[in-house]
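Please keep the sequence and the model in view while reading.

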There are 2 protein chains.
Amino acid sequence: MTAVKWPGEWLRGVLQLCVLSALEAGPTYGYAIGQRLEEAGLGTVKGGTLYPLLGRLESDGLVRSTWAAGEGGPGRKYFQLSDAGRRELHDRVLMWRQFTAATALLLPAAGTTEEES
Amino acid sequence: MTAVKWPGEWLRGVLQLCVLSALEAGPTYGYAIGQRLEEAGLGTVKGGTLYPLLGRLESDGLVRSTWAAGEGGPGRKYFQLSDAGRRELHDRVLMWRQFTAATALLLPAAGTTEEES
DNA sequence: CTGACTAGTTAGGCATACAATCTAGTGTGC
DNA sequence: GCACACTAGATTGTATGCCTAACTAGTCAG
């Protein structure tokens with residue numbers, strides 16, 4: 001999917017879930033997380049957003065970080081989910097699904113508005 | 001559905017869509033909008049949030065307001081969608097659907113994390 | 001008159017995406 | 001060795017909107 005620019009308000013909140021989700025498959029570093037999220041259709045997640053978020057997740061005990069030498073580049077800071085992080089991801093994903101289901105019921109079906117106008 | 005307390009970050013952004021959607025069926029007033037959103041599962045939308053939002057929508061030309069006498073209560077400020085508001089609702093709903101679809105693909109399926117832990 | 005419910009209004013606090021800026025490591029070409 | 005590009009991470013100030021708190025005001029019932 002090409003770069004889509006979602007409203008920042010929409011990213012707010014769910015971005016944490018997406019980052020935790022990106023870590024579920026195993027440890028990885030910030031730059032790679034950003035790339036993965038972009039490929040997945042989230043648009044460009046700016047470093048000014050991603051790194052403070054990763055910092056908050058670590059402060060909250062949801063992820064842990066370790067430094068490793070880069071592969072022909074600068075060093076990399078690898079992040080991995082803690083047990084608390086896995087639980088948080090699981091709980092929040094369930095809630096998010098309920099939330100989006102509720103909003104889907106409330107919002108008009110696609111095409112409805114256009115047909116009336 | 002009983003009152004659920006969604007994170008404020010999640011409401012941010014989509015709340016505008018939900019309010020516009022509540023107005024799609026016809027003019028109504030703030031208090032009733034709040035009730036409708038609560039019944040729909042959005043949780044309690046505080047007046048401190050709802051009224052400034054309605055004000056912004058009006059400033060942006062997406063809704064118009066008129067005062068009417070209340071039915072055995074205080075006066076009511078009725079809001080209705082403008083043409084621009086209808087178009088905005090339609091466009092944004094499509095985008096929201098795309099956004100939630102993209103995030104659904106990225107997030108783990110419910111139960112996956114639990115089975116691995 | 002008091003309290004409850006109905007309706008609307010406002011301001012400051014807080015959290016976080018965005019934009020901007022910066023540091024630093026490695027490799028390539030000149 | 002220097003400049004540039006790409007890789008990686010970090011930080012800060014601004015803008016935005018939900019939350020909290022507080023408030024005003026109309027109507028009805030006890």
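This is a predicted model: local features need pLDDT of at least 70, side-chain atom pairs count only at pLDDT 80 or more; totals for chains, interfaces and linings use all residues.

In what order do the three strands of the open sheet of chain B stand? The order is S1-S3-S2, and the pairing is antiparallel. Strands S1 (28-29) and S2 (63-68) of chain B stand at the edges, each with a single partner strand, so one side of each is left without a neighbour in the sheet. Helices (H or I, at least four residues) and strands (E, at least two) are DSSP runs, numbered from the N terminus, and two strands pair if DSSP finds at least two bridges between them.

Residues are numbered from 1 along each chain as its sequence is written, chains are lettered from A and ligands numbered from 1 in the order in which they are written, and side-chain values use heavy atoms, with hydrogens and water left out.

Within chain B, S1(B) is joined by two bridges to strand S3 (residues 76-81), and the two run antiparallel. Tyr29(B) stands opposite Tyr78(B) in S3(B). Helix H1(B) lies across S1, S2 and S3 of chain B and runs at about 95° to S3(B). Such angles run from 0 to 180 degrees between N-to-C directions, with axes fitted as lines to C-alpha atoms, for helices over the stretch in contact; contact means heavy atoms within 4.5 Å.

Chain A also has an open sheet of three strands in the order S1-S3-S2, with antiparallel pairing. In chain A, S2 is joined to S3 by six bridges, and Val63(A) stands opposite Leu81(A) in S3(A). Two bridges join S1(A) to S3(A), where Phe79(A) is the bridge partner of Thr28(A).

How are the two chains related? A rotation of 180° with 0.0 Å of shift along its axis superposes chain A on chain B, with an RMSD of 0.1 Å; the superposition is by least squares on the C-alpha atoms of residues with pLDDT of at least 70 in both. The two copies are thus related as by a two-fold rotation axis. The same surface serves both copies, since 100% of the contact residues of chain A recur in chain B.

The residue Gly13(A) lies in helix H1 of chain A. Leaving aside its neighbours within four places in sequence, Gly13(A) is in contact with Glu9(B) and Trp10(B). The C-alpha atoms of Gly13(A) and Trp96(A) are separated by 9.8 Å, although these residues are 83 residues apart along the chain.

Gly13(A) also belongs to the lining of the largest pocket, being among the residues closest to its centre, together with Leu11(A), Arg12(A), Leu15(A) and Thr49(A). H1 and H3 (47-59) of chain A, together with H1 (8-24) of chain B, each supply at least two residues of this lining. The largest share, seven residues, comes from H1(A).

Note on methods
On a 1 Å grid over the protein atoms alone, a cavity is a set of points where a 1.4 Å probe fits but cannot get out, and a pocket is an open set with protein on both sides within 12 Å along at least five of seven lines; lining residues have an atom within 4 Å of a point.
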